[in-house]
Amino acid sequence: MAAMDARKKKSGGGGGEPLLGKYELGRMLGRGTFAKVYLARAVAGGEAVAVKVIDKAEVMGTAGMAPRVLREVAAMRRLRHPHVLRLHEVLATRARIYLVMELATGGDLLSRLAALPRRRLPESAARRVFVQLVDALSYCHARGVAHRDVKPQNVLLDGDGNLKVSDFGLAALPDTLRDDGHLHTACGTPAYAAPEVLRRRAYDGAKADAWSCGVILFPARRLVSRLLDPNPDTRVAVESLAAHHPWFKRSLSVDSQLDGLLNGEPERAVAFQAAPPPPPLNAFDIISMSPGLDLSGLFGEHDKSLREKRFTTTASPEKTLEQLGLAGGKLGYVVVVGKKGVECLPLGGRLSSGIAAMSVEMSEVAPPLLLVELRLEVAAGDLDGGDGEVQGFGWEQLRMELGDVVRAWHSCEDLCEV
Ligand SMILES: Nc1ncnc2c1ncn2[C@@H]1O[C@H](COP(=O)(O)OP(=O)(O)OP(=O)(O)O)[C@@H](O)[C@H]1O
């Protein structure tokens, strides 16, 4: 990091001393309207990172900027995906905010396109970019986050040419939805914004992202026309592209795609092969975002859905537990907060033959959305591990008793409503 030291500046880029004793800042990577982004490395070692330095006074003095910074942090901290720029840490001093982010050394897609002949990627490279973009956005949408400013400037590339969606300053989070379930704030970049956004109508943020994807995508005319459908109701969702569209079914060898993307070489003859569908998003993805939860040692795949149920709720944890307690009155258990955490213990005997208790775990997904995980604990000494017994538990009755507290039930395998 000697080169970094030589380039340090006093203005937010560090002044000889490591930033808050933790990061040594190096050269400036780029600058946005209110921020400068520096190459950095943790004093403790590890991979180089990017640190976005935001001047608090400038942000506070400009209408709409403070919420934008907060939104960027709120969105990024709940997203963890290989194609979404990772936010490692947020630091602050009296004058500045520092977002410590994953480093994307490949620059942004716009600059990459600008350097290419006719400002176009070869189809193979474009497919790779697009597959990764759709993968990232599907992930965001599944977590209730719509980006709302999808454009090549906000698509960064790492050193291997892999895409990293960045700049979530305009993102819509689940709590941005009005009672009608739609967004109402017109935002984004006009050239990439969907007609319903520009017309200031109520809109679905995920569908607005799909339009922006259509603008980014140059080849594959039919697919583009399905994305650039002015009617958001018939416009294809990015989520369904990866699974169903033939353009996505063809996957290229990684090497050829990388070469194409990084060097902008003319498309070469490559072997196409069927790509396996992306693994379905499941509740474990959400739970794993919750720090401190060890997912190892959970149940085998075959009986998960019988032993575990999950639901999301916007009720408070207290209200949720109260409702679980009321349901217990009918199902014959009491809710107990003990050393093992929250458990539903049978009033007499077992919850059902072979089941000793039901544990309750709650994790905040996106305020006020909670993910509640209910897990049947097999009674000690049950030699078959309780497999034969869990079916006896009254999930259906519990579902009815919990009623409105539940926003949606989620199976172990996916996040569909049941
Ligand atoms: N994680 C990163 N790794 C590498 N370079 C980055 C990273 N984040 C940002 N940059 C560079 O810094 C520039 C400024 O980033 P920033 O997110 O502030 O800006 P922006 O989105 O272009 O600006 P605006 O404030 O206008 O939205 C980017 O264009 C990019 O070149």
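This is a predicted model: local features need pLDDT of at least 70, side-chain atom pairs count only at pLDDT 80 or more; totals for chains, interfaces and linings use all residues.
Student: Which strand gives the most to the shell around the ligand?

Tutor: The elements that give two or more residues to the shell are strand 1 (23-31), strand 2 (35-42), strand 3 (48-55) and strand 5 (96-102). With three residues, the one that gives the most is strand 1.

Student: How many residues of the shell around the ligand are charged?

Tutor: There are 18 residues around the ligand, and among those that come nearest are Lys52, Glu102 and Asp167. Sorted by class, the shell has nine nonpolar and four polar residues, while the number of charged residues is five.

Student: How much of the ligand's exposed area does the protein bury?

Tutor: Polar atoms of the protein come up to the ligand, for a nitrogen atom of the ligand is 2.8 Å from a polar backbone atom of Glu102, and a polar side-chain atom of Arg68 lies 3.4 Å from an oxygen atom of the ligand. Taken alone, the ligand exposes 600 Å², and the share of this that the protein buries is 79%.

Note on methods: Residues are numbered from 1 along each chain as its sequence is written. Side-chain values use heavy atoms; hydrogens and water are left out. A residue is near a molecule or strand if one of its heavy atoms lies within 4 Å of it. A polar contact is a pair of N or O atoms within 3.5 Å; within protein, one must be able to donate a hydrogen and the other to accept it, and residues adjacent in sequence count only if both atoms are side-chain atoms. Accessible areas come from the Shrake-Rupley method with a 1.4 Å probe; for residues, only the protein chains shown count as cover. Helices (H or I, at least four residues) and strands (E, at least two) are DSSP runs, numbered from the N terminus. Ala, Val, Leu, Ile, Met, Phe, Trp, Tyr, Cys and Pro count as nonpolar, Asp, Glu, Lys and Arg as charged, and the others, Gly among them, as polar.
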